[in-house]
Amino acid sequence: MSPLTLAYLALVSALASGIVALGADRYPGLLRYGSSILLGACGLLAIVAGGWALLDETPHLDQLALGLPWLQWHLRLDVLSGFFFSVVGLLVLAVSFYAPGYLQDYTHAKIRELAALGFFTGLFILGMLLVLLADDAFVFMIAWELMSVSSYFLVAYQHQHAANRRAAFLYLLMAHVGGLAILLGFGVIAGFGNGFTFEAMRAANLSVTWASIAFALVFFGFGMKAGMVPVHAWLPEAHPVAPSHISALMSGVMLKVAIYGFIRFTFDLLGNIQWQWGLTVLVIGAASTLLGVLYALMQHDLKRLLAYHSVENIGIILMGIGLSMIFISAGRPELGALGLIAALYHSLNHALFKGLLFLGAGAVLHATHEHDLNNMGGLIKRLPQTAMFFLIGCLAISGLPPLNGFVSEWLTFQAALQAPSLDSGVLRSLIPIAAALLALSAALAAACFVKVYGVAFLGTARSRKVAHAREVDVGMRAGMGLLAVLCVVFGIFPSVVIGAIDAIPNMLLGIKPPSATAHGWLWLTPISPKIASYSAPLVFAGVALFAFISYVVLRARPVKFRRGYPWDCGFGALNARMQYTATAFSMPIRRIFSPVWDAIEQIEETHNVTQPQRTETIRHHLQVQDKSWSRLYEPIGRLVLAAARRVGRIQTGSIHTYLAYSFFTLILLLWVVT
Amino acid sequence: MTAWILAALQTLLFVFMAPLLGGWVGRVKCHMQNRAAPSLLQPYRDLAKLFRKHTVLAEQASWIFRGTPYIVFGATILTAAVVPLVAVQLPTAAIADVIVLVGFLALARFFTALAGMDIGTAFGGMGSSREMMIGALAEPVLLMAVFTLAMTASTTNLSEATTFTLNSGLVLRPSFIFAMLGLMMVAVAETGRVPVDNPATHLELTMVHEAMILEYSGRHLALIVWAGQIKLMIYMVLVANIFFPWGIATELAANDLAVGLAAIAAKLILLGVVLVVWETVMAKMRLFRVPQFLGFAFLLSLLGMLTHVVLETGG
């Protein structure tokens, strides 16, 4: 028995879950129970296999007699893939609790495409896990395509709406442009390493120029999949239209698989990291962080908003990786290890809280059939437990202590603050500015989640469906509860988790951060206790203690509580439409950062016929569009179309011409060969 | 153990002196504006009155509204606990560094804003929206100022940073001057003082902080008001002890502690006067001028940081 055996079992369960679901069109119960239980088993096995590999610290290698005749499938489970294996497993487990309840809507509505949903979910998870195990470029690309293509079918699942079909096509297109770049990146390094196994690639000896080309290709490819700015525009289109538990998997872990690929390629296969690469990653990371949160602030479709926050969080992870690369190239691997740990811990945390938030958004959708924040309100009373879990997710993603999102952002700040130890003055001044952008983004994220929570869960209901929402079933709450508890636990006991993650920089850089956890589980001291320390358990205990003392002291002298009407300025009868909406809430920020968006704002007034000075109705229309569309995607799209038209001229439509083309090509080729 | 007891005592002192500082600022302000001044103890009397009063809850209020005052108060006290007031090298400073401190204040702001949204009135939403906007702009300035300090002292631990300034003697660091100005401007914005917000107004269109807590009454209001006073004191102590640490006790001896106490009292009295003069000569700004105010503060902090990188680190 080895971790690899368990990992195989996880793969087999994922596949079995997909196959079992094939019968779901006839027997919907198969999907809700059979397939979900197998997914749960897959999740558990993946957690155990990954955790074991992470603690074991020795890579487990294997070859399977599959694939090409001269290249068997090489598989490897080491600390890095083990860590991501567990992350995927955690979310798959939560989703397996959640899915049966969520799918009720689909089974009741007699949608006869359940088999497709279950089958591709199984394949999607299989693909993600297989990417993590791959130890040669061939398996990697097969698994990568399996992951991309099967998730395409999940995005296109509700294909009745034209917008969803468009989103799915965009997703497929982007996944393949990215996939192509990754393939070329592998090609460059395999050409120098004389082989497609990762073993051969590690030994490859590249010149700096070729290494930079390979790096640029894979950064573009993986970055596209991960949703970095400016190639992120597909993400907020595609992720929200999938069923919510699939959105959770896509945003929570599929993006992390891309991060895994990037770390594996850059740190493990390529090596010899240049500071220019690190700076590129850092700058793009900072841009993704800030633009992601600014675009998120303008959304009022809950799932789209969450998808934009994935762009933000991928930016934070990239900042950690970028800092790590800069420090490594400057010969400070111990600080590089710190940056890498920050990035890895944020990957884990983001998987947890983004998964939680997407499941929560799904619960709201399930209970109210409402996407739009501006129609929600007062859900804390209708869905009390979902509201509690969602609040934990909001606090975590806003980077507030003592939850998990704060810890990884804190570590990123600590890594950035070590910039004075660098020699280059440019880097010394750029890194703190990047850190200030991270601070701005964190504060804006908090504003965004006050908006989300305040508009959706607090106040009073803005529509009838929302006013009569019912709490979701036990399984869905269990799925969310599991992730919420983990958000709290990983926030309060970060040193335990980081003690385990230490093995990853140890493998990649041959160095452990000097004393991240040297002072016991109570303290987190990334560099040394004199420089910075954070004790999450004490912080949590402190806030709880002070709040408790003030509560008890006040409890000793009870006074009466009375319910009354809120202040209505003496005009009477407040109604739900007088509340601030999501659009109103973010208006000051929209005004301040206005150059960031392509915003079209129109106010239409109709006037009274007899008294023209009296306004009868006012309509406010606001459309905020992502600038990457008008600045990047559309020009490129036009360019491609124009090029296609040029090329189209040689297509005459006559078979004779085409035969002539073939003939001349053949002759040309023969001439070249001889 | 003595150290922990002293730290607890220092925190208590912090919490119970905060209303006095509020009283001092109010009193000087009255004198400055030729009004009859209330007693220094007036804030205590107000708090006592509020604690005794009945609490009225709005009908729509959920547990968020009822829990927020406790969370805000708890987070603010914990922040106070990690700020060196009378002495450095107290064990509480290690629990949370200055980034965590900013995080605590953000946590308190997050819940206050949620409580504002909880009632479902336009005022609450308006206050929350504005407060989060101001907070979002103020936080990077605050961290930028703090980073300048942290990079100079190569620590984010407040106690260590204070010791560093103390040990480096009376040297002129241009970066510190910029950082201090930035920090002071942020302090004004974050504690809701003129010109960003006016704590004394209930004028509907200009309220920010007051709009969020409009529905609070009785003991809930008392906790929030008290937390606000502690927050003002935290910022003043930060300015006083980071940039002018002289007098603060480095040994935990009775003598040193007495000197430390007198020193911080003198510094706070002086800073209170500075705040009042500032508030008296400034007029309240329109809301959309606030980004310019904070943008200027950000520029100052950035200049501070760049000055540090360019001028103060050799090579």
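Start by selecting His369(A), which sits in the loop between H13 and helix H14 (379-382) of chain A; helices here are DSSP runs of H or I with at least four residues, strands are runs of E with at least two, and both are numbered from the N terminus. This is a predicted model, where local features need pLDDT of at least 70, side-chain atom pairs count only at pLDDT 80 or more, and totals for chains, interfaces and linings use all residues. Residues are numbered from 1 along each chain as its sequence is written, chains are lettered from A and ligands numbered from 1 in the order in which they are written, and side-chain values use heavy atoms, without hydrogens and water.

Now check the backbone. The phi of His369(A) is near 55°, a positive value in a residue other than glycine. Most residues other than glycine have a negative phi, and most peptide bonds are trans. His369(A) counts as partly exposed because its relative accessible area is 48% (buried is under 20%, exposed over 50%, partly exposed in between, with a 1.4 Å probe and protein chains only).

Next, jump to chain B and pick Ser154(B), in the loop between helix H5 (122-153) and helix H6 (158-167). Ser154(B) also has a positive phi, near 40°.

Back in chain A, where are the cis peptide bonds to look at? One joins Val229(A) and Pro230(A), with omega about 5°; Pro230(A) lies in the loop between helix H8 (208-226) and H9. Another runs from Pro401(A) to Pro402(A), with omega near 5°, and Pro402(A) is in the loop between helix H15 (384-397) and helix H16 (404-416).

Now select Pro240(A), Val241(A), Asp301(A), Arg304(A) and His371(A): of the 40 residues lining the second largest pocket, these lie nearest its centre. (On a 1 Å grid over the protein atoms alone, a pocket is an open set of points where a 1.4 Å probe fits, with protein on both sides within 12 Å along at least five of seven lines; lining residues have an atom within 4 Å of a point.) Which element gives the most to this lining? Colour E5(A), which supplies six residues. The lining has 18 nonpolar, 14 polar and eight charged residues (Ala, Val, Leu, Ile, Met, Phe, Trp, Tyr, Cys and Pro count as nonpolar, Asp, Glu, Lys and Arg as charged, and the others, Gly among them, as polar).

Last stop: Met17(B), in helix H1 (residues 2-32) of chain B. Met17(B) is partly exposed, since its relative accessibility is 34%.
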